[in-house]
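I opened a new page for this structure. My plan was to go from the fold of one chain to its contact with another.

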Amino acid sequence: MNNSVSNTARLLGAALRALLVLTLVTGVLYPLAVTGVAQALFSGKANGSEIEADGEVVGSSLIGQSYDLPLKKGQETPEPDLKWFQGRPRNGLGTNSVNTRYKLILSGATNRSGDNAELIRWVKDAKAAVVKDNSVTGYTVRASEVPADAVTSSGSGLDPDISPQYAEIQVHRVAERNGLSATRVEKLVKDHTEGRTLGFIGEPRVNVLELNIALRELVAGS
Amino acid sequence: MGPVLAGVLQLLALIAALALAYRPLGDHMAGVYSTDRHWRVEKWLYKGIGANPDAGMRWPAYLRGVLAFSVVGVLFLYLLQRLQGVLPGSLGFASVDPDQAFNTAASFVTNTNWQSYYGEQTMGHVVQVAGLAVQNFVSAAVGMAVAVALVRGFARSRTGELGNFWADMVRGVTRVLLPLSVIAAVVLLACGAIQNFSGIHEVGQFMGGSQQWNGGAVASTEAIKEIGTNGGGVFNANSAHPFENPTPFTNLFEIFLLLVIPFSLTRTFGVMVGNVRQGYAILATMATIWVGFVALMMWTEFAHHGPAFEIAGGATEGKEVRFGVGASSIFAVSTTLTSTGAVDSFHSSYTGLGGGITMLGMMLGEIAPGGTGSGLYGMLIMAVIAVFIAGLMVGRTPEYLGKKIGIREIKLAACYLLITPALVLVLTATAMALHTPGHSMTNSGAHGFSEILYAYTSASNNNGSAFAGLNADTPWFNSTLGIAMLLGRFLPMIFVLALAGSLAEQRPVPVTAGTLRTEKPLFTGLLVGAILIITGLTYFPALALGPLAEGLAA
């Protein structure tokens, strides 16, 4: 009996030492080495791909933002600022519930199923809003033209991109609100449309933040 | 080019990349586990451990090593989380509650990486890097060690010795997982994954004001998270988060990473048993199921049945624009047919049938190609069962790789096979019968049942993905899922190692005209059939109540 207890103790001791030495290798040296490479070679990317406009950081090119008007009294959800290109819905996004000294973005999806009543309502409402907001004098959006990404939330809630089709149907509205011609805005969208990598990887996309920064420059310059 | 064609081309590119890596990586791993030369670094590590890496272990000793190392791992990780509040380098984050800390410790040690916490608001740098990410390495290395022990059981004869656990585990880290992770991490960095220890970033916004996000060692964690088929993300959104998976290319690259070791291990197996064609037969079985599942998934996701998706015009809920429906489908199948559980899109918002495919993938036992190591040993157990069934049909004592599959062997294989279904079905039924667990559901009806079935399937099979609408951070789910993960990991390992020991003691039987040729396509067909039929019979009633009901109603 004593023998087996001391054998077990010896074995657990070896296991603990194994864990500690491997923690040193994989939990200290490895991440520090990768961080060293990251900060030496890719420091912009490694720190979050922040982008500046007029000398000020306005976000990360990888993290989607909302482009809303300030919240008015009595409102629970802000209205979109239709001057700017709008991103995808972000119904799955949250704020932190613990360690609340910070106001952290909590990434996430809605996790609603296809037959979930709430999701059906969100999608219907979003579709109606996209049709209404983007139909301007001389240009009417039909419900069948609204692409799926415009009315559904992404996996992260932080999707920085929209499909070129969704950017396309926003062109007339954005042009009108900013006093620009639709052709100029259309060209701006074309310039910011990225195709599939190597022609087949992923899907074509438009980065909304980069597009809006370029739009602001265009408005300021005109 | 349409999205369907682009999806198919991405699948083909993935297959080509895996094929290119197959021989070099498989042969390399066979060498790693066969050589008796130690690297100088490894000698220091063995000295630190106080173990003799050349001492052969019989199966009980090998198992004791596995269990001792894992028990210590659970305790260490539990304490680290409980002490987070006083640890430096933790961003001032509070300690994790006991039930959640237990669940998370069990989860990462068992290679599951089920997360009942939100990464960005719960885990500071120290727990993330020195606790969770370390288990990403070592839990994968333990899985590979057990798989190699079973392969040695087939390859060796008239000895009880299966190798040395400490040497196998350490080499898995130093010679396989670590070098691959360094390369992968640098690729991810170059594409935009973040890697910093600068805490909380407060960053300006386009419309004014600011946003706060958490930094961290993301690229280094992401690399091993996929390579070790772990799946636990730094961020709640996992590989859907742009900081973890910034571009369409990184997405495809991450799918490659999570598949490359499990597939290549079949080559390692073939080399070690002295007949690479035996490895090809196992590879063909895995690849058939994987490609078939991807095809089914793409079909149902592009067809987007379900009221909300039909109104939207596509099943894009929970999917990122840059990946699209095609690549997201490949990721979803690959992560649930391995033990990864990382997600680049949220399975709960897949079509009813699509969600069913992710569950069925796990229910197969994650063997096509499965987790690092666990996929190979799971598949070899199924091969033993298939050989046994064939033996019954012709009335002959079954053999596999020159070893007799006798009463003892088939009992061990059958026990292995029964554990996970028992855990999944009993725990799901219990949760449904009780009053409170149902309060955690986000969706109601068939999909609500699926949330709970998915949770126990994921935990018992050590996958870690979720129908994440389920609020799993309750004492009930934290404890029962934690127990399911531990039992689902270590009970099967006991039977695998016992089987390995029993096989290693046998003397080989010569190949005769009556021997079932297990390197031929006929056997691959038999094996695929056995896997699908056994899984189907076990889980059909449960699947009918959840995803099938939802999918057929749509």
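Before counting, I noted that helices (H or I, at least four residues) and strands (E, at least two) are DSSP runs, numbered from the N terminus. I also noted that this is a predicted model.

Entry, secondary structure. I counted 6 helices and 7 strands in chain A. Reading from the N terminus on, I found the order α-α-β-β-β-β-α-β-α-α-β-β-α.

Entry, domains. I looked up the domain assignment of chain A, which lists domain 1 (1-47) and domain 2 (49-221). I found the centres of these two domains of chain A to be 43 Å apart, taken over C-alpha atoms.

Entry, overall shape. Along the principal axes, I got a box of roughly 90 × 45 × 45 Å for the C-alpha atoms of chain A.

Entry, packing. I found 43% of the 222 residues in chain A to be buried. I then took the contacts in chain A between residues at least 6 apart in sequence, and 52% of them join residues at least 24 apart.

Entry, contact with chain B. I counted 87 residues from chain A and 103 residues from chain B in the contact. Elements of chain A that each supply at least two residues to its side include α1 (2-41), α3 (117-134) and α6 (208-221). Which element gives the most to the side of chain A that touches chain B? I found that α1(A) does, with 20 residues. I sorted the residues of that side of chain A into 40 nonpolar, 29 polar and 18 charged.

Conventions: Residues are numbered from 1 along each chain as its sequence is written. Chains are lettered from A and ligands numbered from 1 in the order in which they are written. This is a predicted model: local features need pLDDT of at least 70, side-chain atom pairs count only at pLDDT 80 or more; totals for chains, interfaces and linings use all residues. Domain bounds come from an automatic or database domain assignment. A residue is buried if 20 or more other C-beta atoms lie within 10 Å of its own, exposed if 12 or fewer, and partly exposed in between; C-beta atoms are placed from the backbone. Two residues are in contact if their C-beta atoms, placed from the backbone, lie within 7 Å. Ala, Val, Leu, Ile, Met, Phe, Trp, Tyr, Cys and Pro count as nonpolar, Asp, Glu, Lys and Arg as charged, and the others, Gly among them, as polar.
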